[in-house]
Amino acid sequence: MSRTTTPPTTGPATARRARRAEHRARADYTGGVYGSMLAASVLIGAGSLGSFPRAELVLLLLLTGVVFWIAHVHAQLFGARLAQRAPDRRVVLLVCRDEWPIVKAAVPPAAAVAVSPLLGLDVRGAVWLALSVAVAGQVGWSVAAARRAGASWRLVAVAASVNLGLGLLIISFKIFLKH
């Protein structure tokens with residue numbers, strides 16, 4: 001005789017599942033889209049690099065992401081939130097976590113630069129690869145945001161198209177700057 005049991009409705013595992021579901025429900029991809037655009041902008045603005053151009057580019061991407069993350073955390077904590085009430089440790093950690101996608105979005109383009117020698121790319125090719133990865137990330141984050149929000153497939157396509165258009169605009173700036 002087979003006996004089925006139902007999982008308990010209370011306990012630590014249920015609480016963890018509930019916290020994960022709540023986090024997914026309120027996930028905000030704005031920082032990812034923003035961070036991808038930021039990384040692409042860093043790549044078009046990167047002029048002459050020194051003796052270690054790939055390492056400098058990786059650091060430039062990651063550190064720019066961190067600086068903008070700090071700026072966003074600061075703005076959230078001391079802009080909007082301070083007007084409501086003084087932030088406590090829990091609020092500070094929540095804001096730091098919520099803004100972290102800005103830094104996460106810089107990692108794939110930085111990784112593209114780091115692996116570019118394995119692909120036989122020179123520094124210029126590494127920049128173009130990283131720029132492509134940043135634009136793809138920008139489109140990907142916007143699609144993920146639209147899907148998470150329950151948008152129709154038509155609206156998902158619009159979000160992807162708008163972000164691809166913005167990415168292509170950034171690429172056109174790189175072509176125009178020619179450095």
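Me: Which exposed residues sit on the face of helix 4 turned away from its buried side?

Reply: In this predicted model, that face carries Arg89 and Arg90. Exposed is the word for a relative accessible area over 50%.

Me: And which residues of helix 4 are called buried?

Reply: Helix 4 covers residues 89-99, and its buried residues are Val91, Val95, Cys96 and Glu99. They are on the same side of helix 4, because the arc they cover around the axis is only 135 degrees.

Me: Why is Ala111 called partly exposed?

Reply: Its relative accessibility is 36%. Buried would need a value under 20% and exposed one over 50%, so a value in between is called partly exposed. Ala111 therefore counts as partly exposed.

Me: Where does Ala111 lie, and what separates its C-alpha atom from that of Val58?

Reply: Ala111 belongs to helix 6, which runs over residues 107-115. Val58 is 53 residues away along the chain, and the two C-alpha atoms are 7.5 Å apart.

Me: What share of the contacts joins residues at least 24 apart?

Reply: It is 73%, counted among contacts between residues at least 6 apart in sequence. To count as a contact, heavy atoms must be within 4.5 Å.

Note on methods
Residues are numbered from 1 along each chain as its sequence is written. This is a predicted model: local features need pLDDT of at least 70, side-chain atom pairs count only at pLDDT 80 or more; totals for chains, interfaces and linings use all residues. Side-chain values use heavy atoms; hydrogens and water are left out. Helices (H or I, at least four residues) and strands (E, at least two) are DSSP runs, numbered from the N terminus. Buried means under 20% relative accessible area, exposed over 50%, partly exposed in between (1.4 Å probe, protein chains only). The arc is that of the directions from the helix axis to the C-beta atoms.
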